Amino acid sequence: MDGLVHEGYGRLIYENFLNLNFIEALKGGEGIYYFMPGLRYFTALEKLFFGDNQFGIFLILILLPIIFYILLLELKFSQRFSILFILSFIIFKIPHLGFSYHHYIKNLLTVYPETLAILSFFICTVFLLKKKYFLSGFSCAIMVFLRPNYFPTFLAINFFNLILSLRNKDT
């Protein structure tokens with residue numbers, strides 16, 4: 001849980017950006033990435049829009065159940081079932097299974113990239129179901145940028161996007 005390191009690199013990127021030192025800002029504070037590379041740029045972007053507070057993180061935490069709800073509706077679940085499912089997601093604390101809003105809150109408040117990557121995955125899936133393949137692939141790329149060990153998921157989803165786009169091109 002290297003949240004302070006991500007915050008420090010985000011601040012460094014933000015300060016380099018404000019000083020118009022774009023090469024150092026894009027460099028991200030180090031020549032070779034040891035930590036998750038995308039999170040430092042997210043924290044820099046958050047500092048650009050919200051300053052030195054956690055409003056960006058709070059906004060993401062508010063959007064997570066909403067995007068999850070939209071995903072359930074896109075998967076053709078009923079509205080009543082989706083609301084009950086989201087309420088159980090928010091209320092119950094199921095540790096280590098990924099079905100606990102509390103788990104994602106704790107991860108994001110300690111500046112851990114998994115919550116943002118999962119949110120990007122949900123957005124990717126919503127775009128995929130709406131047949132917006134470019135936006136689906138782009139949000140999937142953001143997921144990998146935030147959490148590189150999700151690369152196999154990225155390959156599978158984009159392979160599926162490619163097949164669907166070629167299949168829809170023929171019709």
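Reply: On a 1 Å grid over the protein atoms alone, a pocket is an open set of points where a 1.4 Å probe fits, with protein on both sides within 12 Å along at least five of seven lines; lining residues have an atom within 4 Å of a point. A volume is the space filled by probe spheres set on the points, which are joined across faces, edges and corners. This is a predicted model, in which local features need pLDDT of at least 70 and side-chain atom pairs count only at pLDDT 80 or more, while totals for chains, interfaces and linings use all residues. Residues are numbered from 1 along each chain as its sequence is written, and side-chain values use heavy atoms, leaving out hydrogens and water.

Me: What volume does the second largest pocket have?
Reply: The second largest pocket has a volume of about 250 Å³.

Me: Which elements give two or more residues to its lining?
Reply: Those are α1 (3-18), α2 (22-27) and α3; helices here are DSSP runs of H or I with at least four residues, numbered from the N terminus. The largest share, 4 residues, is from α3.

Me: And the largest pocket, how many residues line it?
Reply: The lining has 18 residues, with F42, L45, I60, L116 and I142 nearest the centre. The space in this largest pocket is about 410 Å³, and α3 supplies the largest share of its lining, 7 residues.

Me: Changing topic, is S120 buried or exposed?
Reply: S120 is buried, because its relative accessibility is 9%, and buried means under 20% relative accessible area with a 1.4 Å probe, protein chains only. S120 sits in helix α7 (residues 114-129).

Key. Buried means under 20% relative accessible area, exposed over 50%, partly exposed in between (1.4 Å probe, protein chains only).
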